[in-house]
Amino acid sequence: MPDPGYRAYVICTAPRSGSTLLCRLLADTGVAGQPGSHFHHPALEKWLDAYRLDRSQFATDRDAVCAVFDAARARGTGPNGIFALRLQRGSFTFFMEQARQLFPGRPSDVARFEAAFGPTLFVHLSRRNKLAQAISLVRAQQTGLWHRHANGEELERTAPPEPPHYDRAAIAAQLEEFAAFDTAWADWFAGEGVAPLRIDYDALIEAPRDVVASILEALSLDPSPADHVAVSTAKLADGVSAEWYAEFVRDARD
């Protein structure tokens, strides 16, 4: 098979899909760029703040967006020139609006990605068990704790600790949104003629190094660095999550 010449890859995903673990593993290879949500919040001011850019230094919004893209490329590119990006579906629409402003003459969204980052591989990371995914997000929102290190220490917290409580309506709403995210990704891939590399959450959890190797191979890179990556995050699901899961299933049945 000829080398596709990828210079970038985009992890297309949604929250609580294992994307933080995957990004850390890929970065740990040393050859797969620095994947992260370089365009996380769907607002230009948030983008500028993330890169410490002063809005007053730019004559137009387009100039400001161009500076953000330059900064994101610098942050996400590794020593071998591979750029890596995680895109959450919730911020995707705003991202593409800005890309269309930067590259108005391109015939497709994929062409705009390539104009921005070079030939691009798309990786779709999803979680089949949407109920578990929804419960995970609701618990993170309630408790403020989003990720732990593998040794149990907190990795990411966004609010002071609060005890979790079962909220059927919140879980149901999140379940519906996650299903909509998967549908939106599928529609975009189909409309753009993209056949993404598909990664499932369960496969990532069960065999993380194999998943990383598959991405390196898709990028036509040596997969052997995947053998040495360290799994540095821990699952947050516990007995409380299991109780919520069972209760939600009972509620739905009743």
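Modeller: A polar contact is a pair of N or O atoms within 3.5 Å; within protein, one must be able to donate a hydrogen and the other to accept it, and residues adjacent in sequence count only if both atoms are side-chain atoms. This is a predicted model, in which local features need pLDDT of at least 70 and side-chain atom pairs pLDDT 80 or more, while totals for chains, interfaces and linings use all residues. Residues are numbered from 1 along each chain as its sequence is written, and side-chain values use heavy atoms, without hydrogens or water.

Colleague: Which residue's side chain does a polar contact of 3.0 Å join to that of Arg-86?

Modeller: Arg-86 is found in strand 2. The polar contact of 3.0 Å joins the side chain of Arg-86 to that of Ser-19.

Colleague: Is Arg-86 buried or exposed?

Modeller: Buried means under 20% relative accessible area and exposed over 50%, with partly exposed in between (1.4 Å probe, protein chains only). The relative accessible area of Arg-86 is 15%, so this residue is buried.

Colleague: Which strands stand at the edges of the sheet?

Modeller: Four strands form an open sheet in the order 2-1-3-6, with parallel pairing (two strands pair if DSSP finds at least two bridges between them). Two of them each have a single partner strand, so one side of each lacks a neighbour in the sheet: strand 2 (83-88) and strand 6 (197-200).

Colleague: What is the bridge partner of Ile-11 in strand 3?

Modeller: Strand 1 (residues 8-13) and strand 3 (residues 120-126) run parallel and are joined by five bridges. Within strand 3, the partner of Ile-11 is Val-123.

Colleague: Which strands does helix 9 touch?

Modeller: Helix 7 (residues 168-192) packs on the sheet, touching strand 1, strand 2, strand 3 and strand 6. Helix 9 (residues 208-218) packs on the sheet as well, and the strands it touches are strand 3 and strand 6.

Colleague: How wide an arc do the buried residues of helix 10 cover around the axis?

Modeller: The buried residues of helix 10 are Ser-241, Trp-244 and Phe-248. They lie on the same side of helix 10, because the arc (of the directions from the helix axis to the C-beta atoms) is only 60°.

Colleague: Which helices do the buried residues of helix 10 pack against?

Modeller: On the other side of helix 10, Glu-243 and Arg-253 are exposed. The buried residues pack against helix 6 (130-143) and helix 7.

How values were computed:
Helices (H or I, at least four residues) and strands (E, at least two) are DSSP runs, numbered from the N terminus. Contact means heavy atoms within 4.5 Å. Axes are lines fitted to C-alpha atoms, for helices over the stretch in contact, and angles run from 0 to 180 degrees between N-to-C directions.
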